[in-house]
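Hi,

Here is the structure I said I would pass on. Have a look at it, and my notes follow below.

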Amino acid sequence: MKHLFILLLALLCNQLNGQTQAAMMAGTVASGSTGALFSFDPQTTPVAVKSGDQVQLFISEYLLTQSLAARLGEAARVQKLERIQINGVHYLAYDWLYAFNPQKTYSTLVPLVPNGNYFFAANNGTTCETSGCDQCKRDDCTCTTGIGNTCGGGSMAIPFPLLKISKPAE
Amino acid sequence: MKTICYKFLLLGFCCFLGANTLFAQKSVEFFDPETDPVATLVNGKLRLIVSEEVLVRSVRMTLARIGLIENIDRQYIEGHWFLILESRHALNFEQAVYVALRLKPDNKGNYYAEHYWDACTGEACSGCMFDQAAQRCFCKFDKPGAPGENGFCMHTVSDDPLLKKVPLKPD
């Protein structure tokens, strides 16, 4: 009887330990206040969540822009991030440029893959050069206005567009 | 001897359980608008460091009827950054609600939510909104009207905190 009692206690402890680990994970999933670690892993953390009919970003704009900038290199400057929907598919749409050549602007689309109520960043993105085009259709890199019919030479695949970010807030 | 041993084991488990529970409580993290910035400057651009999902929950704690928040943006107006929330009233989907929350900078480029905010809404207008300077609240589909008439939009100013402390992770 006593052994059984101890065994039950041990199982309870194990269960609580599991809950503690889950709570710690929840903290790192965070959008990131200064008190929390600035951490985002696109492989394991959802980017957006469905709330009613709305899709809301689950990760802060700061982390999402830093995550792409980490992939593109130190000279990349993300100008704008928005969530767009094309033919029912949600995307993160980034406008960015390189600091050493600000005349050339680029746009990167990262598809969001649904999983239940959550959306994860896909492992493949596409990039267009948008300079010289007022309205670039970013899904197929065609220019609806301006000279020429492509936005600077068509689309370019960018595998794993978002990188894991794990550094403390400055 | 055996009984004492069991008692010690039991005591040990109880301490372990207590410590575990305390640790679990501490590890739940919050967004607290009184101490945490909402946005920060990165290469001259203002970036939200709190996610949309957290901001929406934080606003809903104060304005339960704000309904569906369709867009969160920011505008630089007359020397101040504002967080602009666009939503549809919870009880009347036709009714637009615009809220402009002023942000207060610190010397590190972090921006905190001020208590001061403006709201623009009207029951008889489906498109109440602020002008570019966020000073005039008007109905974009109708001519200006008196209270109760079409085209009437109400400008409300408050210095009650708009954002409330919420857990970073939804329930």
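In which sense do strand 6 (residues 101-115) of chain A and strand 7 of chain A pair, and over how many bridges? They run antiparallel, with 4 bridges between them. Before I go further: this is a predicted model, so read everything here with that in mind.

The two strands make a hairpin, with 2 residues between strand 6 of chain A and strand 7 of chain A. In that turn, A:Gly116 has a positive phi of about 65 degrees. Strand 7 of chain A also pairs with strand 2 of chain A, again antiparallel, through 2 bridges.

The side chains of strand 7 of chain A alternate.

How far can you trust chain A? Its mean pLDDT is 77, and 69% of its residues reach 70 or more. Strand 7 (residues 118-121) of chain A has the highest mean among the chain's elements, at 95, whereas helix 1 (residues 2-29) of chain A has the lowest, at 48. Over residues 18-37 of chain A the pLDDT is below 50, yet this stretch has 45 contacts in the model beyond near neighbours in sequence.

Now for chain B. It has 2 helices and 11 strands, in the order α-β-β-β-α-β-β-β-β-β-β-β-β from the N terminus. Of its 171 residues, 32% are buried. Taking contacts in chain B between residues at least 6 apart in sequence, 48% join residues at least 24 apart.

Is helix 2 (residues 52-60) of chain B enclosed or open? Of its 9 residues, 8 are buried, so the helix is largely enclosed by the rest of the structure. The buried ones are B:Glu52, B:Glu53, B:Val54, B:Leu55, B:Val56, B:Arg57, B:Ser58 and B:Val59. What covers them comes from both chains: it includes strand 2 (48-51) and strand 3 (54-57) of chain A, along with strand 1 (30-31), strand 4 (68-77), strand 5 (80-88) and strand 11 (166-167) of chain B.

Cheers

Key
Residues numbered from 1 in each chain as written. Chains lettered and ligands numbered in written order. Predicted model: local features only at pLDDT ≥ 70, side-chain atom pairs only at ≥ 80, totals over all residues. Buried ≥ 20, exposed ≤ 12 C-beta atoms within 10 Å, placed from the backbone. Contact = placed C-beta atoms within 7 Å. pLDDT = per-residue confidence, 0-100. Pairing = 2+ DSSP bridges.
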